[in-house]
Amino acid sequence: MIEVIAFYLFAGLAIVAGLNTILARNPVHSVLWLILAFFNAAGLMVLLQAEFIAMLLVIVYVGAVAVLFLFVVMMLDIDFATLRAGFIRNFPLGLGIALVLLAELVMGVGAYHAGGLQLGVADGHGAAIAGASNTAAVGALLYSRYLFLFEAAGFVLLVAMIGAIVLTHRERGDVRSQNISRQVARRPDDAIVNVQPEVGKGVQL
Amino acid sequence: MTAFFQSVFGWSYELAWFLSTIAGILLIALPLMLGVAMIIYVDRKIWAAMALRRGPNVVGPLGILQSFADGLKVFLQETIVPTAANKSIFVIGPIVTFTVTLLAWAVIPFNSGAILADINVGLLYVLAISSLGVYGTIMAGWASNSKYPFFSAMRASAQMISYEVSIGFILICVVLWAGSFNLGTIVEAQRGHVFGIINGFVANPLLFPMWVMFLISGMAETQRAPFDLTEAESELVAGYQTEYSSMAFALFWLGEYGNVLLMCALNATLFWGGYLPPLDIPVLYLVPGVVWLLLKIFFFFFIFSWVKATVPRYRYDQLMRLGWKVFLPVSLLFVVLVSGYLMYTGHFA
């Protein structure tokens with residue numbers, strides 16, 4: 001009973017939020033609706049008892065990715081008229097992508113009903129480890145069976161990150177950078193000089 | 001509590017679950033709101049004492065009702081929404097801040113077994129919810145359609161993202177040692193942790209530096225002084241709160257102090273043994289666990305107030321440097337050290 005109410009609440013809100021993401025006129029509103037959709041997807045994951053995935057979804061997508069989206073979208077100076085001008089021209093492309101996604105959904109649901117899904121270990125048994133929590137089960141698989149793929153994904157991300165830094169970094173000569181440890185190590189004796197100049201004479205600095 | 005309702009009143013499971021959850025939420029939220037009102041008074045008193053002032057001393061004995069007088073004043077004020085503001089988001093912003101503050105308390109263990117939501121991924125839930133907190137600030141800053149709040153929102157998002165990374169690594173050290181994401185299990189793992197008598201990860205030489213960094217990151221995460229650049233009054237008027245008045249302003253205020261209390265509770269739960277007494281001696285267990293937890297929360301709040309009263313505000317580049325160039329590498333190093341030590345001593349075997 002509670003599960004059913006929660007499912008329809010999360011699913012309904014996710015659909016409404018998803019629709020509003022593409023229908024909202026203001027891009028900032030769009031991103032905020034997208035965040036609501038992410039959040040409801042996380043709720044659905046909890047209902048599937050995949051609480052680890054649900055928390056990761058919120059931490060990674062809502063907590064980090066969407067903040068950066070919002071950051072960028074807020075800074076942009078967007079002219080809505082030019083944005084909507086290409087709608088008719090891009091409509092066939094969008095329709096094509098929608099059809100591909102629809103076909104994938106139909107095939108996915110069909111494969112599920114045909115019982116042809118072979119997830120988990122090689123002989124088709126489920127990957128769940130009896131008595132282990134969700135998090136422990138994911139960790140055990142990720143760091144044993146899929147260790148190489150996991151590490152490779154990590155390296156791809158590292159390379160992408162370094163690449164982004166290298167591409168956007170520019171050397172600027174006119175910046176005076178601070179050496180914090182030198183500032184902290186500076187004592188009053190280094191900075192203050194006590195002098196008693198004669199009347200009419202200056203001080204040598 | 002669900003089983004209690006079922007056995008005493010003979011209700012169905014759904015009804016008993018629903019009502020016991022509502023009761024649990026009220027049991028946490030109402031004392032929390034009262035606690036926030038009192039802690040604002042305490043904060044002002046500590047701050048005043050360190051500045052050799054009297055602090056609030058007019059309303060009620062020793063000024064103890066000052067927060068309630070302020071609340072009433074704010075409640076009676078007119079709510080002003082600027083004409084240029086984006087109205088719906090302007091109103092949602094403070095609601096998000098306030099709600100997120102209350103949400104995270106669901107997984108804090110107040111005593112052995114006294115958790116509203118005893119979930120496997122409690123610590124991840126806290127991380128997830130605290131990462132939501134920035135949205136209230138960003139929404140308020142953007143929707144105000146005014147320059148200072150916007151600068152403040154930009155600062156807030158950059159600051160919170162920076163410190164969440166190192167907080168994540170610090171929490172991994174705790175999780176590795178406790179072997180669980182469940183906050184109740186983490187507290188129990190600290191029972192007699194050092195020499196079999198001290199309750200708390202903080203006395204562990206490998207985890208003590210992590211606690212110091214967690215305390216400082218917590219101040220940055222809750223935007224408390226000396227990291228309160230989002231509402232630096234000399235540069236940004238009042239930051240993202242500039243355009244707010246009346247109850248919307250009060251919601252920000254409550255949310256901010258609720259977050260500070262949450263950080264204090266996390267410090268207590270993750271490093272100082274939560275509801276356990278400081279030492280594993282039977283006579284200390286005569287005091288209820290919730291009293292120990294509240295004492296620890298109060299102690300950490302005193303540290304937060306102390307720092308606010310004595311430390312000057314950081315410059316923005318220093319704040320970023322501390323987060324990315326000091327805390328991130330050091331916490332990463334400690335993840336390697338802690339996991340290496342635990343593997344070497346066969347902790348996971």
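Analyst: Let's start with B:R44, which is partly exposed, with a relative accessible area of 32%. Keep in mind that this is a predicted model. B:R44 and B:D70 form a salt bridge, and their closest N and O atoms sit 3.1 Å apart. B:R44 belongs to helix α2 of chain B and B:D70 to helix α3 (residues 66-76) of chain B, so this pair ties together parts that are 26 residues apart in sequence.

With a relative accessibility of 1%, B:D43 counts as buried, because the cut-off for that is under 20%. B:D43 has a salt bridge to B:R224, at 3.4 Å from N to O. Here B:D43 is in helix α2 of chain B while B:R224 is in the loop between α8 (208-221) and α9 (233-236) of chain B, so the bridge ties together parts that are 181 residues apart in sequence. B:R224 is buried as well, with a relative accessible area of 3%.

B:D43 also has a salt bridge to B:K308, at 3.3 Å from N to O. B:K308 lies in helix α11 (residues 289-310) of chain B and B:D43 in helix α2 of chain B, so here the parts being tied together are 265 residues apart in sequence. Both B:D43 and B:K308 are buried.

What about the bigger picture for these pairs? Over all chains, the structure holds seven salt bridges. B:D43 meets B:R224 and also meets B:K308. B:R44, you'll recall, is partly exposed; by contrast, B:D43, B:R224 and B:K308 are joined into one network by salt bridges that share partners.

Another buried spot in chain B is worth a visit. B:Q159 sits in helix α6 of chain B, and its relative accessible area is 0%, so B:Q159 is buried. Setting aside neighbours within four places in sequence, B:Q159 is in contact with B:A220, B:Q223, B:F227, B:L229, B:T230, B:Y316, B:L319 and B:M320.

Finally, step back to where chain B meets chain A. On each side of that meeting, 26 residues are in contact with the other chain. The two chains bury about 2,400 Å² between them, and 80% of that is on carbon and sulfur atoms. On the chain B side, B:Y135, B:W142 and B:M154 lose the most area to chain A, together 22% of what that side buries. And the charged pairs we began with? Between chain B and chain A the count of salt bridges is zero, though there are four residue pairs in polar contact, both residues at pLDDT 80 or more.

The helices supplying at least two residues each to the side of chain B that touches chain A are α2 (13-50), α5 (122-143), α6 (147-178) and α12 (316-344) of chain B. Of these, α5(B) gives the most, with 11 residues. Sorted by class, that side of chain B has 18 nonpolar, four polar and four charged residues.

Conventions: Residues are numbered from 1 along each chain as its sequence is written. Chains are lettered from A and ligands numbered from 1 in the order in which they are written. This is a predicted model: local features need pLDDT of at least 70, side-chain atom pairs count only at pLDDT 80 or more; totals for chains, interfaces and linings use all residues. Side-chain values use heavy atoms; hydrogens and water are left out. Contact means heavy atoms within 4.5 Å. Buried area is the accessible area (1.4 Å probe) that two parts lose on being put together, summed over both. A salt bridge is a side-chain nitrogen of Lys or Arg within 4 Å of a carboxyl oxygen of Asp or Glu. A polar contact is a pair of N or O atoms within 3.5 Å; within protein, one must be able to donate a hydrogen and the other to accept it, and residues adjacent in sequence count only if both atoms are side-chain atoms. Helices (H or I, at least four residues) and strands (E, at least two) are DSSP runs, numbered from the N terminus. Ala, Val, Leu, Ile, Met, Phe, Trp, Tyr, Cys and Pro count as nonpolar, Asp, Glu, Lys and Arg as charged, and the others, Gly among them, as polar. Buried means under 20% relative accessible area, exposed over 50%, partly exposed in between (1.4 Å probe, protein chains only).
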